[in-house]
Amino acid sequence: MYKKILVPMALDHGISPQTLEVARVLASEGGEIIALHVYESPQGTVSAYLDEEVVKAGFERARERLREKLQGLDGITPALVKGHSARTIIDYATQHGADCIVIGSHKPGLSDFFLGSTAARVVRHAPCAVHVHRNGD
(Lines give C-alpha, C1' and ligand atoms only; values in the text may rest on other atoms or scores of the structure.)
Protein backbone atom coordinates (compact mmCIF):
# COMPACT_ATOMS: atom_id res chain seq x y z
CA MET A 1 0.00 0.00 0.00
CA TYR A 2 2.69 2.53 1.05
CA LYS A 3 6.30 2.58 -0.13
CA LYS A 4 7.90 4.66 2.64
CA ILE A 5 6.35 4.78 6.10
CA LEU A 6 7.59 6.97 8.93
CA VAL A 7 6.85 5.79 12.48
CA PRO A 8 7.62 8.49 15.07
CA MET A 9 8.54 6.89 18.40
CA ALA A 10 8.48 8.41 21.86
CA LEU A 11 10.97 6.24 23.73
CA ASP A 12 9.19 6.64 27.06
CA HIS A 13 5.80 5.36 25.84
CA GLY A 14 4.87 1.74 25.23
CA ILE A 15 2.88 2.22 22.04
CA SER A 16 5.69 1.72 19.51
CA PRO A 17 5.22 -2.08 19.11
CA GLN A 18 1.65 -1.41 17.98
CA THR A 19 2.51 1.45 15.62
CA LEU A 20 5.36 -0.56 14.08
CA GLU A 21 2.95 -3.47 13.51
CA VAL A 22 0.43 -1.13 11.85
CA ALA A 23 3.24 0.11 9.60
CA ARG A 24 4.16 -3.46 8.63
CA VAL A 25 0.55 -4.15 7.63
CA LEU A 26 0.34 -0.92 5.60
CA ALA A 27 3.70 -1.34 3.84
CA SER A 28 3.70 -2.55 0.26
CA GLU A 29 6.00 -5.41 -0.65
CA GLY A 30 9.53 -4.06 -0.44
CA GLY A 31 8.29 -0.94 1.37
CA GLU A 32 10.57 0.93 3.76
CA ILE A 33 9.72 1.59 7.41
CA ILE A 34 11.66 4.28 9.27
CA ALA A 35 11.44 4.44 13.07
CA LEU A 36 12.07 8.08 13.98
CA HIS A 37 12.81 9.49 17.41
CA VAL A 38 13.00 13.25 17.80
CA TYR A 39 15.36 14.24 20.59
CA GLU A 40 14.29 17.55 22.06
CA SER A 41 17.30 19.37 23.43
CA PRO A 42 16.80 21.35 26.64
CA GLN A 43 15.37 24.76 25.79
CA GLY A 44 15.75 28.30 27.08
CA THR A 45 17.49 29.01 30.33
CA VAL A 46 17.65 25.32 31.23
CA SER A 47 20.29 24.75 28.56
CA ALA A 48 22.49 27.42 30.19
CA TYR A 49 22.75 25.26 33.32
CA LEU A 50 23.55 21.98 31.60
CA ASP A 51 27.04 20.88 30.69
CA GLU A 52 27.48 20.07 27.00
CA GLU A 53 28.63 16.56 27.94
CA VAL A 54 25.36 15.95 29.81
CA VAL A 55 23.36 16.89 26.71
CA LYS A 56 25.54 14.63 24.54
CA ALA A 57 25.09 11.77 27.00
CA GLY A 58 21.32 12.24 26.86
CA PHE A 59 21.39 12.06 23.07
CA GLU A 60 23.47 8.87 23.19
CA ARG A 61 21.06 7.33 25.73
CA ALA A 62 18.23 8.08 23.32
CA ARG A 63 20.19 6.39 20.50
CA GLU A 64 20.68 3.30 22.66
CA ARG A 65 17.00 3.18 23.72
CA LEU A 66 15.96 3.38 20.06
CA ARG A 67 18.29 0.48 19.23
CA GLU A 68 16.84 -1.53 22.14
CA LYS A 69 13.24 -0.92 20.99
CA LEU A 70 14.10 -2.10 17.48
CA GLN A 71 16.24 -5.08 18.51
CA GLY A 72 15.11 -8.22 16.70
CA LEU A 73 12.86 -6.31 14.29
CA ASP A 74 14.01 -6.76 10.71
CA GLY A 75 13.38 -4.28 7.93
CA ILE A 76 13.08 -1.17 10.11
CA THR A 77 15.56 1.67 9.73
CA PRO A 78 16.25 3.72 12.87
CA ALA A 79 16.56 7.51 12.64
CA LEU A 80 17.41 9.88 15.48
CA VAL A 81 17.21 13.64 14.93
CA LYS A 82 17.18 16.74 17.10
CA GLY A 83 14.32 19.23 17.05
CA HIS A 84 10.76 20.04 18.10
CA SER A 85 8.63 16.87 17.91
CA ALA A 86 5.75 17.78 15.60
CA ARG A 87 7.64 20.16 13.34
CA THR A 88 10.58 17.79 12.96
CA ILE A 89 8.34 14.81 12.14
CA ILE A 90 6.64 16.83 9.41
CA ASP A 91 9.95 18.13 8.04
CA TYR A 92 11.52 14.66 8.07
CA ALA A 93 8.53 13.15 6.23
CA THR A 94 8.74 15.91 3.62
CA GLN A 95 12.51 15.73 3.11
CA HIS A 96 12.61 11.92 2.92
CA GLY A 97 9.54 11.43 0.73
CA ALA A 98 7.40 9.50 3.19
CA ASP A 99 4.00 8.63 1.78
CA CYS A 100 2.56 7.65 5.17
CA ILE A 101 3.12 8.44 8.85
CA VAL A 102 1.92 6.01 11.52
CA ILE A 103 1.79 7.81 14.85
CA GLY A 104 0.55 6.82 18.27
CA SER A 105 -1.73 9.02 20.31
CA HIS A 106 -3.23 9.13 23.75
CA LYS A 107 -6.90 9.89 24.32
CA PRO A 108 -7.21 13.67 23.88
CA GLY A 109 -8.00 15.82 26.86
CA LEU A 110 -9.34 19.34 27.08
CA SER A 111 -5.86 20.85 26.84
CA ASP A 112 -5.33 19.10 23.48
CA PHE A 113 -8.19 21.10 21.99
CA PHE A 114 -6.47 24.34 22.93
CA LEU A 115 -2.79 23.44 22.50
CA GLY A 116 -2.84 20.41 20.24
CA SER A 117 -0.95 17.19 20.80
CA THR A 118 1.97 16.13 18.65
CA ALA A 119 -0.26 13.70 16.76
CA ALA A 120 -2.89 16.37 16.11
CA ARG A 121 -0.27 18.76 14.74
CA VAL A 122 1.17 16.07 12.50
CA VAL A 123 -2.30 15.22 11.17
CA ARG A 124 -2.99 18.87 10.37
CA HIS A 125 0.30 19.63 8.62
CA ALA A 126 1.72 16.37 7.20
CA PRO A 127 2.47 16.20 3.48
CA CYS A 128 1.15 12.62 3.28
CA ALA A 129 -1.39 10.18 4.72
CA VAL A 130 -1.38 9.84 8.51
CA HIS A 131 -2.66 6.84 10.43
CA VAL A 132 -3.24 7.51 14.13
CA HIS A 133 -3.17 4.56 16.52
CA ARG A 134 -5.09 5.26 19.75
CA ASN A 135 -3.54 3.92 22.91
CA GLY A 136 -6.91 3.00 24.42
CA ASP A 137 -6.46 4.90 27.70
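These legends walk you through several close-up views of one predicted protein model.

In this predicted model, local features need pLDDT of at least 70, side-chain atom pairs count only at pLDDT 80 or more, and totals for chains, interfaces and linings use all residues. Residues are numbered from 1 along each chain as its sequence is written, and side-chain values use heavy atoms, with hydrogens and water left out.

**View 1**
Welcome to the overall fold. Helices (H or I, at least four residues) and strands (E, at least two) are DSSP runs, numbered from the N terminus. Along the sequence they follow the pattern β-α-β-α-α-β-α-β-α-α-β. Of the 137 residues, 35% are buried; buried means under 20% relative accessible area, exposed over 50%, and partly exposed in between (1.4 Å probe, protein chains only). Contact means heavy atoms within 4.5 Å. Among contacts between residues at least 6 apart in sequence, 78% join residues at least 24 apart.

**View 2. The open sheet, in the order β3-β2-β1-β4-β5.**
Five strands make up this sheet, and their pairing is parallel. Two strands pair if DSSP finds at least two bridges between them. β3 and β5 (129–134) stand at the edges with a single partner strand each, so one side of each is left without a neighbour in the sheet. Neighbouring strands are turned by 25° against each other on average, direction ignored. Such angles run from 0 to 180 degrees between N-to-C directions, with axes being lines fitted to C-alpha atoms, for helices over the stretch in contact.

**View 3. Bridges from strand to strand.**
Take a look at β2 and β3 to begin with: seven bridges join these parallel strands, and H37 has L80 in β3 as its bridge partner. Between β1 and β4, also parallel, there are two bridges, and here I5 stands opposite C100 in β4. Six bridges link β4 to β5, again in parallel, with I103 partnered by V132 in β5.

**View 4. Helix α1 against the sheet.**
α1 packs on the sheet and touches β1, β2, β3, β4 and β5, its direction making about 150° with that of β2. Its buried residues are S16, T19, L20, A23 and L26. They cover an arc of only 120° around the axis, which puts them on the same side of α1; the arc is that of the directions from the helix axis to the C-beta atoms. Turned away from this buried side is the face that carries the exposed residues P17 and V25. The cover over the buried residues includes α3 as well as strands of the sheet, β1 among them.

**View 5. The largest nonpolar core, with 19 residues.**
A nonpolar core is a set of buried Ala, Val, Leu, Ile, Met, Phe, Trp, Tyr and Cys residues joined through side-chain atoms within 4.5 Å. Those with the most contacts inside this one are I5, V7, M9, L20, L70 and V102. β1 (2–8), α1 (16–26), β2 (27–39), α3 (52–70), β3 (76–82) and β4 (100–105) each give two or more residues, and α3 gives the most, with four. Apart from this core lies another, of 17 residues, among them I34, L36, A98 and I103.

**View 6. Strand β4 and helix α6.**
β4 is mostly covered, as five of its six residues are buried. Helix α6 (residues 118–125) lies across β4 and β5 and runs at about 155° to β4.
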